[in-house]
Amino acid sequence: MLEDRTAEASSPTQWPAAYPKGYAVVDVETTGLARDDRIISAAVYRLDERGEVEDHWYTLVNPERDPGPVWIHGLTSDVLEGAPLFQDIAEEFSTRLEGRVLVAHNAVFDWQMIAREYARAEREAPVRQRLCTIALSKELALPLPNHKLESLAAHFGVVQQRAHHALDDARVLAEAFRPSLRAAASQSIRLPLHECRPLTEWTDRAVPRQQGSVGGGGGYGGYSSYRPTSWRPARKRPACPYPNPGRYEEGKPLKQGMRIAFSGDTSTERDLLEDRAIEAGLHIATSISRLTSLLVTNDPDSGTSKVVKARQYGTPVVDEAAFGQLLGNVAPASEG
């Protein structure tokens with residue numbers, strides 16, 4: 001039955017003209033999940049407009065630090081020591097991404113890791129749109145028990161050979177994406193494409209190396225579980241000293257004490273943007289409530305929980321560019 005369904009979806013009578021002309025299916029393995037973590041391997045499968053494989057590419061990357069959870073990705077400091085730095089492979093990576101939609105499983109993570117590496121290298125990733133295969137499977141209403149890559153692969157009969165190896169994960173995803181794409185085309189489903197905005201600023205905090213793990217051939221500081229943020233400095237933001245004056249009103253300035261929430265990707269690194277807001281006397285809210293003054297998002301149609309709640313509560317929404325202009329003229333809390 002699966003083969004029949006896939007074959008039926010593979011030949012839509014007319015391919016949607018609005019669909020992208022090519023895709024770059026990407027997987028990256030990293031030292032962890034936080035903003036300071038680094039890419040240690042990357043793989044790209046280039047696909048044509050109908051999902052057929054054109055070629056593939058894989059590289060190790062020297063993260064210049066502890067490799068992270070070796071027991072997950074299997075890449076030790078010894079293995080990575082002679083690997084190229086990201087800036088050394090950035091150009092080749094770019095040729096694989098150029099002019100294509102970046103496809104990944106939980107694509108926002110892969111995109112953010114890639115964008116940060118390019119920003120560190122003082123370059124810009126040539127990616128303008130991404131597609132998450134989790135979002136696509138939801139659009140297709142696939143009967144999956146969960147949204148793990150292994151479940152998507154099993155649904156389409158794709159066999160995983162080496163989980164958490166970037167090249168094999170990218171292969172599996174490419175093979176699962178092809179029938180997904182064709183199923184979407186046969187039903188004229190609009191693909192869940194999202195804009196990718198390269199980072200324009202970047203600062204790195206010092207990340208301590210764990211004793212015994214660098215050059216240790218597989219150790220990770222003696223940690224018994226994968227806790228990617230457990231040894232990184234927490235960002236404790238100071239309490240806003242000003243009362244909340246209420247919601248932002250279009251045409252008027254922001255006012256000190258207003259509660260600002262963010263959703264989705266930003267061109268400027270999120271921490272830097274939040275720091276600027278705090279310096280201006282604004283309160284950073286981690287969630288949306290009836291007290292939220294403003295939501296900042298570059299993708300107001302994304303359907304994230306914050307965007308949905310903002311609509312429910314009538315919270316004003318602006319994009320990053322508009323927010324940047326508003327930050328330049330924040331009214332003091334003392335003004336009426």
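The lining of the largest pocket has 16 nonpolar, 14 polar and 19 charged residues, where Ala, Val, Leu, Ile, Met, Phe, Trp, Tyr, Cys and Pro count as nonpolar, Asp, Glu, Lys and Arg as charged, and the others, Gly among them, as polar. This is a predicted model, in which local features need pLDDT of at least 70 and side-chain atom pairs count only at pLDDT 80 or more, while totals for chains, interfaces and linings use all residues. Residues are numbered from 1 along each chain as its sequence is written, and side-chain values use heavy atoms, with hydrogens and water left out.

A pocket here is an open set of points on a 1 Å grid over the protein atoms alone, where a 1.4 Å probe fits, with protein on both sides within 12 Å along at least five of seven lines; lining residues have an atom within 4 Å of a point. Volume is the space filled by probe spheres set on the points, which are joined across faces, edges and corners.

| Pocket | Volume | Nearest its centre |
|---|---|---|
| Largest | about 1400 Å³ | V108, Q112, R130, G264, D265 |

Let's start with the largest pocket, which is lined by 49 residues. The largest share, 7 residues, comes from α5; other elements that each supply at least two include β5 (129-132), β7 (259-263) and α10 (305-313). Helices (H or I, at least four residues) and strands (E, at least two) are DSSP runs, numbered from the N terminus.

Now for the second largest pocket: β1 gives the most to its lining, with 5 residues, and α5 supplies at least two. By class, this lining has 12 nonpolar, 7 polar and 6 charged residues.
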